[in-house]
Amino acid sequence: MKRESERIRHTRTPVPASFLPSTSKVLVALLCLLFALSISCGKKKEDAARESAAKAERSGADLKVGLVFDVGGRGDKSFNDSAYRGLERARDELGVSFEYIEPGEGSDRESALRLLASGEAGIIFGIGFLFTDDINAIARDFPHKKFACVDYSVTPGQEIPPNLLALKFREEEASFLVGAIAALKSKTGKIGFVGGMKIPLIKKFEAGYVEGAKYVRPDIDVLVAYAGVTANAFKNPSKGKELALSQYSKGASVIFHASGSTGLGVFEAARERNGLAIGVDSDQYEEAPGHVLTSMIKDVDVAVYEAIKSVLDGTFSGGVRTLGLAEGAVSFVYDDNNRTLIDDEILDRVQQLREKIISGEIIVPST
Amino acid sequence: MDWMIVLAFISQMVRISVPYTLAAIGGTFSERGGVVNIALEGILLNGAFTCVLATHYTGNPWVGVLAAVAGGVATASVHAVVSITFKAEQIVSGLAINLLAMGATRFFLRIIFGSSSNSERIAGLPEWDVPVLGDIPVLSTIFSSPLILATIVIIFASQFVLFKTSFGLRLRSVGEHPEAADSLGVNVSRVRYAGVLLSGALAGLGGAWLAMDQHSFTDGMSSGRGYIALAAMIVGKWNPLGAAGACLMFGAAESLQMQLQGQDVPTQFIQMIPYVATVVVLAGFIGRSIPPAADGVPYEKERQ
C-alpha cells in the first residue's frame with residue numbers, strides 16, 4: 001500500500017526541466033514534438049479510413065474478404081495457392097480487398113477464423129476439411145457474417161448454419177481421368193499413388209485414380225502409399241520423396257500425388273529417377289518440367305471467386321455445393337507443356353471417358 | 001529384381017538416417033559434456049533454413065552447407081549461453097529454442113519468399129564420382145553424395161575425438177565430474193561450450209542435408225527428427241558409433257514402413273513400426289543406458 005502511494009507521488013512530481021543538462025532538454029523537446037506529430041498523423045489516417053469505408057458502403061463494391069489457409073500455407077504451389085488465385089482474381093475483377101492468415105498447428109485455425117470474423121471481413125473462407133468443425137461453430141457465433149469452407153466434410157444428420165457455404169468437389173472424377181492417362185502411358189504396367197494424410201478426402205483421389213486406371217487397363221498394378229496419419233503428413237517433402245523413390249524402384253512409371261507440400265518431394269524423386277509424376281489441385285508442371293505428365297486440377301480458385309461474387313450479387317446462400325467435371329470445377333491439364341507426353345490416342349480415349357462421366361454413364365466411386 | 005529391391009532398401013535406409021545420425025552425434029557431444037540438448041530439432045530446422053537462404057543468395061550450395069553449420073552453431077550458442085553461463089534449466093531452454101525456430105523460420109520465409117510454407121528451389125550439391133564404390137548399382141547414389149560421405153567420416157572421427165584425444169577426455173570429465181575436472185585445471189564452462197557448439201555444427205549439417213535433399217525449405221521440415229535423434233543417442237549409449245547404429249535402425253524401420261505400405265495391413269499399424277522399434281529396443285535389447293553423471297546439471301564453482 002505504502003509502496004503504491006510512493007510510486008504515484010513519484011510519477012506526479014516531474015523533474016524540473018532546469019535540472020536536466022541541455023542535451024536532455026533538447027531531447028525532451030524533440031520527443032514532445034514527435035509525440036504531438038504522431039497523434040495528429042494517427043488521427044488523419046483514422047479519418048481517411050472512415051471516409052473510405054463510408055464511400056465503400058455507398059458504392060457497394062468494397063467488400064473485405066478474410067481467408068485462412070490450410071496446412072501447407074501459401075506457396076504450396078497446389079491447393080492453397082489455388083485458393084489464393086481466387087482471391088487475387090476477385091481483387092482484380094471485383095475490386096474487393098482481402099486479408100489472410102496462415103495458421104500453424106492445431107488450434108490456431110479457430111482463433112484465426114474468429115479474428116477475421118470479428119474484424120471487417122464480410123465473408124470468411126476456411127480452406128480445407130480441417131476447418132469443418134471450427135467454421136461450423138464460428139458461423140453460429142457470427143450469424144451476420146458469411147462463411148465458406150472448401151472441402152467441408154459433411155456429417156450426415158448434422159445441420160449446416162444458414163450463413164455457411166460448404167464447397168465440395170468430386171475429385172474422384174478428375175482423378176479417374178488422370179488414372180486412365182497414367183495407365184495408358186505406363187510401359188511397366190505399374191503406376192503409383194502417394195497420399196498425404198490418410199483420410200476419406202484423400203481416399204477419394206486414390207479411389208478415382210485406381211478406378212480410372214483399371215477401367216482402361218484391368219491388369220494394371222497400382223502401388224499406394226500414404227505419408228502419415230496426422231496433418232503433418234501434408235508437409236513432409238522428405239518423406240514424400242522417399243515414398244516416391246521406393247515406388248519408382250518397384251517399377252512404377254507414373255506417380256500421382258495428393259499430398260500438399262509432401263508432393264514436392266514426389267517431384268524431386270521424379271527428377272532424380274527421370275520418372276513421371278502427376279500434380280494435384282493446380283498445374284504443377286513447373287515443379288519438375290518434363291517430368292509432370294499432367295495435373296489433376298481442382299479449381300478452388302473458381303469456387304472462391306464465385307462465392308465472393310455471389311456475396312456482391314446478393315445471391316449468396318448457405319448449404320452444400322458439390323462441383324465436378326460437369327461444372328468444369330475439376331479437370332486435367334493438357335497444354336503446350338505436356339502435349340509431347342500425352343499422344344492423341346490417349347487424349348481421345350480420355351476425352352471419351354470424360355463425356356461418359358458427365359453423361360452419367362460412368363459413375364466414379366469415391367471410396 | 002529382388003536383389004535390386006534390397007539395394008534400394010539399403011540406400012533408402014542410409015538416406016533417411018543421415019540427418020538422424022548427424023543430430024544424434026551432435027547430441028552426444030553436448031551431453032557427454034554435461035549439457036542436455038533437446039534443441040536439436042530447432043537446430044536442424046535453422047540449419048536447413050540458413051542453408052537454403054545462403055544458397056538462394058549466392059547460388060553456391062557449398063556456401064549453403066557452411067551457412068547451415070554457422071546457423072546451427074549460432075542456434076546452439078543461445079542454448080550454451082542460457083544453460084552454461086546463466087545456468088538455466090536446460091530442457092526449458094532447449095524447448096524454447098525449438099519453438100523459436102519453428103516460428104522464426106516461418107516468419108523469415110514469409111518475408112523473403114512471400115510464403116510461410118515453402119522457399120524457392122535451390123541448387124543442390126554436385127554428385128561425386130567415387131571410384132569402385134560408385135560402380136555398385138543403386139548403392140552408387142549413396143557414395144556419390146558428398147554429405148553422406150562426410151557423415152561417414154564424421155561418425156568415425158567423432159568416436160576418435162571423444163575417446164582418443166585429450167579434448168574428448170576433458171569433455172567427458174566435465175560431463176561426469178566437473179568438480180574433479182575443475183580441480184585439475186580444466187575450464188569447465190569453456191569445454192562445455194565447445195561440446196554444445198559442436199553439437200550445433202553437426203545438427204546444422206543435418207539441416208543442410210534436409211534442405212539439399214529437397215532443394216528447398218518447407219515449414220517444419222525437420223518433422224520431429226531432432227527428437228528421434230535424441231532417442232538414438234540414448235539407444236547408442238552416448239557414443240557416436242552406437243548412435244549411428246541406432247540411427248540406421250530407425251532408418252531401416254522407417255524404410256520398411258514405406259515398403260510395406262499398400263499391403264493388406266492397415267496403414268496405421270505400419271506407421272507405428274519405427275516407434276514400436278524404439279520402445280522394443282530401449283526396453284529389451286540394449287540393457288541399461290547410463291547418461292553422463294553430471295548430464296543436465298549446471299556447474300557451480302565453489303567459492304571460498
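**Close-ups of a two-chain predicted model**

**View 1. Where chain B meets chain A.** In this predicted model, 29 residues of chain B are in contact with 29 residues of chain A; contact here means that the C-beta atoms of two residues, placed from the backbone, lie within 7 Å. On the chain B side, the elements that give two or more residues are α1 (2–32), α9 (188–214), α11 (240–260) and α12 (267–271) of chain B. Helices (H or I, at least four residues) and strands (E, at least two) are DSSP runs, numbered from the N terminus. The top contributor is α1(B), with six residues. Sorted by class, this side of chain B has eight nonpolar, 18 polar and three charged residues. For that sorting, Ala, Val, Leu, Ile, Met, Phe, Trp, Tyr, Cys and Pro count as nonpolar, Asp, Glu, Lys and Arg as charged, and the others, Gly among them, as polar.

**How to read the views.** Residues are numbered from 1 along each chain as its sequence is written, while chains are lettered from A and ligands numbered from 1 in the order in which they are written. Because the model is predicted, local features need pLDDT of at least 70 and side-chain atom pairs count only at pLDDT 80 or more, whereas totals for chains, interfaces and linings use all residues. The model scores ipTM 0.85 and pTM 0.80. Chain B averages a pLDDT of 90, and 97% of its residues score at least 70; pLDDT is the predictor's confidence in each residue, from 0 to 100.

**View 2. The six-stranded sheet of chain A.** Chain A has eleven helices and twelve strands, and six of the strands form an open, parallel sheet in the order β2-β1-β3-β4-β5-β11. Strands pair if DSSP finds at least two bridges between them. At the edges stand β2 (97–101) and β11 (319–323) of chain A, each with a single partner strand, so one side of each has no neighbour in the sheet. On average, neighbouring strands here are turned by 20° against each other, direction ignored. Look at β3(A) and β4(A): five bridges join this parallel pair, and Gly126(A) has Cys149(A) in β4(A) as its bridge partner.

**View 3. Helix α4 of chain A on the sheet.** Here α4(A) packs on the sheet, touching β1 (64–68), β2 and β3 of chain A, and its direction makes about 175° with that of β1(A). Axes are lines fitted to C-alpha atoms, for helices over the stretch in contact, and angles run from 0 to 180 degrees between N-to-C directions. Its buried residues are Arg109(A), Ala112(A), Leu113(A), Leu116(A) and Ala117(A). They sit on the same side of α4(A), because they cover an arc of only 130° around the axis. A residue is buried if 20 or more other C-beta atoms, placed from the backbone, lie within 10 Å of its own. These α4(A) residues pack against β1, β2, β3 and α5 of chain A.

**View 4. Helix α5 of chain A and its cover.** In α5 (residues 132–141) of chain A, Ile135(A), Asn136(A), Ile138(A) and Ala139(A) are the buried ones. Their cover includes α4 (108–117), β3 (123–127), β4 (146–150) and β5 (164–169) of chain A.

**View 5. A covered strand in chain A.** Strand β9 (residues 276–281) of chain A is mostly covered, with six of its six residues buried. Three bridges join β9(A) to β8 (residues 254–258) of chain A, and the two run parallel. Within this pair, Ile255(A) stands opposite Ala277(A).

Terms used
A residue is buried if 20 or more other C-beta atoms lie within 10 Å of its own, exposed if 12 or fewer, and partly exposed in between; C-beta atoms are placed from the backbone. The arc is that of the directions from the helix axis to the C-beta atoms.
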